[in-house]
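Have the sequence and the coordinates open as you read.

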Amino acid sequence: MTRVFLTLVLAGSIPLLLEAQGTAVADCSGLVARAFEAAGVNDEIAAIPAQIQSQFSTQLRLDANQNDSKMSGAEKQRFEAAMTQAFLPATIDRELKREFLEPCDPGMLRSVIAGLTNPLGDRMRKLEAFAESPAARQEGEAYAHTLAQRPPARERVMSMLRMDASLGLTKSTMDITLASARGIAAAFGGLPADGSAEAALQSKQTSDAMHGAVLVNLLFTYRDVSDQDLTSYIELYETPAFVSFNDRLEKALIACIKGRSEALGQEIRKMMPAR
């Protein structure tokens with residue numbers, strides 16, 4: 001009798017449980033969307049296609065200088081179309097948000113939103129969005145060329161080194177680059193078995209070059225921010241909630257880029273002439 005009663009109670013509770021679960025997921029989806037907006041993740045996602053396109057164009061110029069054969073205009077268009085389709089911002093956004101829903105951490109998300117929903121957070125997000133935009137590319141290059149003649153103060157450089165270390169920016173960039181290489185190579189049987197490609201991508205020379213590029217980018221992005229505001233911003237990202245947020249974001253981004261690169265690799269393989 002007790003077992004039957006419990007069964008009836010549970011059966012009656014199922015619709016309520018499902019409704020509560022649906023509400024929790026909806027609430028969490030809203031928190032993730034707000035956290036992504038506050039942390040500038042939406043701007044980063046929107047900038048990915050242009051960054052991929054820039055890297056592709058740079059590689060084409062290098063290949064053209066090193067080899068007699070050049071890719072035709074039609075071939076370039078096909079590659080560009082494949083890259084655009086593989087790295088659609090809407091797809092990346094969906095895959096990244098899924099990581100924050102499984103499981104959801106409302107407390108962490110609320111802390112991130114609260115920490116960045118203020119004048120300092122708004123200003124930093126605008127600076128970061130501009131630095132990610134195509135319009136900033138020429139200005140950033142010009143700024144980099146002035147550093148030798150007008151180097152920043154030692155304290156400013158130390159702050160940027162601290163930001164890089166705290167957020168793991170250089171390591172994250174290298175991990176994403178490796179994930180992309182692995183993803184594309186998967187369509188062709190993977191990277192060389194001797195490990196030469198991975199060793200090159202993870203070498204000290206590559207790390208040093210990436211670290212230098214990250215440092216210059218940070219100096220450019222926050223060049224007009226006071227030392228006090230910059231310190232406050234870095235300290236915010238060193239709190240447990242922000243550490244957790246960035247860790248999950250990095251893992252999600254690496255997995256997403258690898259998956260998107262695998263899709264791109266398959267499209268590239270289709271374009272290759274049959275042997």
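What follows covers the disulfide, the cysteines and a glutamate.

This is a predicted model, where local features need pLDDT of at least 70, side-chain atom pairs count only at pLDDT 80 or more, and totals for chains, interfaces and linings use all residues. Residues are numbered from 1 along each chain as its sequence is written, and side-chain values use heavy atoms, with hydrogens and water left out.

**The disulfide**
- With a disulfide taken as a pair of cysteine sulfur atoms within 2.5 Å, the count comes to one.
- That link joins C28 to C104, with an S to S distance of 1.7 Å.
- The C28 and C104 link is right-handed, with 100° about the S-S bond.
- It ties together distant parts of the chain, 76 residues apart: C28 sits in helix α1 (residues 2-38), and C104 in the loop between α4 (89-101) and α5 (106-116).
- Helices here are DSSP runs (H or I, at least four residues), numbered from the N terminus.

- Buried means under 20% relative accessible area, exposed over 50%, and partly exposed in between (1.4 Å probe, protein chains only).
- C28 is buried at 3%, while C104 is partly exposed at 28%.
- C256 is buried too, at 2%.

**E128**
- E128 lies in helix α6 (residues 119-132).
- E128 is buried but has no salt bridge (a side-chain nitrogen of Lys or Arg within 4 Å of a carboxyl oxygen of Asp or Glu).
- The nearest side chain of opposite charge to E128 is R125, 7.3 Å away; Lys and Arg count as positive, Asp and Glu as negative, and His and the chain ends are not counted.
- Leaving aside residues up to four places away in sequence, E128 touches A39, T221, Y222 and Y233, contact being heavy atoms within 4.5 Å.

Conventions
Helix = DSSP H or I, 4+ residues; strand = E, 2+ residues; numbered from the N terminus.
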